[in-house]
Amino acid sequence: MNARHDRNPLLMPDFDAPHWRRDFPILQQQVHGKPLVYLDNAATSQKPQAVIAAVAGYYEKLNANVHRGVHQLSELATAAYEGAREKLRRFVNAASLKEIIFVRGATEAINLVAQSYGRGRFQGGDEIILSEMEHHSNIVPWQLLHEQMGAVLKIVPITDAGELEPGAYEKLFTSRTRLVALAHVSNALGSINPVKKMIVHAHQHGVPVLLDGAQAVPHLPVDVRDLDCDFYAFSGHKMFGPTGIGVLYAKEALLAEMPPYQGGGDMIRTVRFTGSTWNELPHKFEAGTPNIAGSIGLGAAVDYLESIGMLSIQNYEQALLEYGTQRLQTVKNLRLVGTARHKAGVLSFVMEGIHPHDIGTIVDQEGVAIRTGHHCAMPVMEHFRIPATARASLAFYNTREDIDALVQALEKVREVFR
Ligand code: 7TS
């Protein structure tokens, strides 16, 4: 984290957000007759022209099924699909292409690990450590496992600042602990968890760690080898790529031992009615025709992000978050929910006496798009004893003017409810 920009929001890093914003056609439009201020990036991010062109270009010039044909289009489509895998490998610094599994998104990645890694290997009473700040997609797959084979969920509580309770994680380890599954960055609070340290601790107990990186990969440099995580799940649509595509990174040694998650074409080597054998990694985990266009689009998103630089993005968003935090604190009767020391660009808040849905509806009339609700993190809401929050979530194309527009719209909210 850049300490200088961390503390003084007036010192914005040298980053030309308006320049990058021009690459996003959707951000050029108006809603309700006002310029669109898009602050719902944690739900999904917008797509640059380069990604849109890559997807369209695939359908215009390359469309064919992959790993099947000897004809030219099929060979070109396969090369583009596998080329995208290499881009993703490089982006998160995985050791091998075998470790990059294309999936539908973070949700499918986590379900894959629960069913393929957990279901056959865990026994009744085996324990999985999660935290109170998980997205439902890193809770419910483990609850399904609880129902299927009696796995027990152990939960690291959070503080009122939205940090993991100090010391609580370490105390949860027992001889039955089999897996840690943890958000790298919380979508509801923005907290960045000290995952590297936590991974070291888990490994000392011989326990593998899955990180839910859905909110980390679009906002900070992620190096899976430096983290030494065992599984890392993320979604393309939150990192300026298409919907319906994401990645499960997993260490090759683990994937080699795991049974297939789904059966079908492409994941097999031989099929006989007496039994089948599996294709090599990563194809063993990619049954059926994959999301070819999505993968190619995601590869283009990676190229685009690399052309900006993840470190620059992180520094800029950090400064913007600091600015947003200070500006929101000037709004009367507004309380931020999630004030961890290490945060990514998420500003969750409540306003006294006003339901978050009313906040969302009124600011929308001003052209400002935010999300309201429980953000698929109901246990977080329960912790703070609130039904919902309003949430502004940042991307590198947002500016201080966007934050100012939000603050101005919130003053409208206050006027309506005066
Ligand atoms: N994990 C985290 C931390 C998330 O924020 C989300 C989606 C997911 C997993 C699931 O990702 P998916 O792409 O598979 O759906 N989070 C949000 C959100 O904050 N608002 O809408 C979706």
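Asn93 is found in the loop between helix H4 (72-92) and strand E4 (100-103); helices (H or I, at least four residues) and strands (E, at least two) are DSSP runs, numbered from the N terminus. Asn93 is not a glycine, yet has a positive phi of about 60°. The peptide bond from Leu281 to Pro282 is cis, with omega near 0°, and Pro282 lies in the loop between strand E12 (275-278) and helix H11 (292-308). Most residues other than glycine have a negative phi, and most peptide bonds are trans.

The model is predicted: local features need pLDDT of at least 70, side-chain atom pairs count only at pLDDT 80 or more, and totals for chains, interfaces and linings use all residues. Residues are numbered from 1 along each chain as its sequence is written, and side-chain values use heavy atoms, with hydrogens and water left out.

**Ligand site**

Around the ligand there are 16 residues, of which Thr107, Asp212, Gln215, Ser235 and Arg371 come nearest; a residue is near if one of its heavy atoms lies within 4 Å of the molecule. This shell divides into four nonpolar, eight polar and four charged residues. Here Asp, Glu, Lys and Arg count as charged, Ala, Val, Leu, Ile, Met, Phe, Trp, Tyr, Cys and Pro as nonpolar, and the others, Gly among them, as polar. The table gives polar contacts, pairs of N or O atoms within 3.5 Å.

| Side chain | Ligand atom | Distance |
|---|---|---|
| His135 | nitrogen | 3.3 Å |
| Ser235 | oxygen | 2.7 Å |
| Arg371 | nitrogen | 2.5 Å |

Taken alone the ligand exposes 490 Å², and the protein buries 87% of that (Shrake-Rupley method, 1.4 Å probe).

**Salt bridges**

The structure holds 20 salt bridges, each a side-chain nitrogen of Lys or Arg within 4 Å of a carboxyl oxygen of Asp or Glu. One joins the side chains of Lys34 and Glu366 (3.5 Å, N to O). Lys34 lies in strand E2 (residues 34-35) and Glu366 in the loop between helix H13 (356-365) and strand E15 (368-369), so this pair ties together parts 332 residues apart in sequence.

Conventions: Polar contact = N/O pair within 3.5 Å; in protein donor to acceptor, adjacent residues only side chain to side chain.
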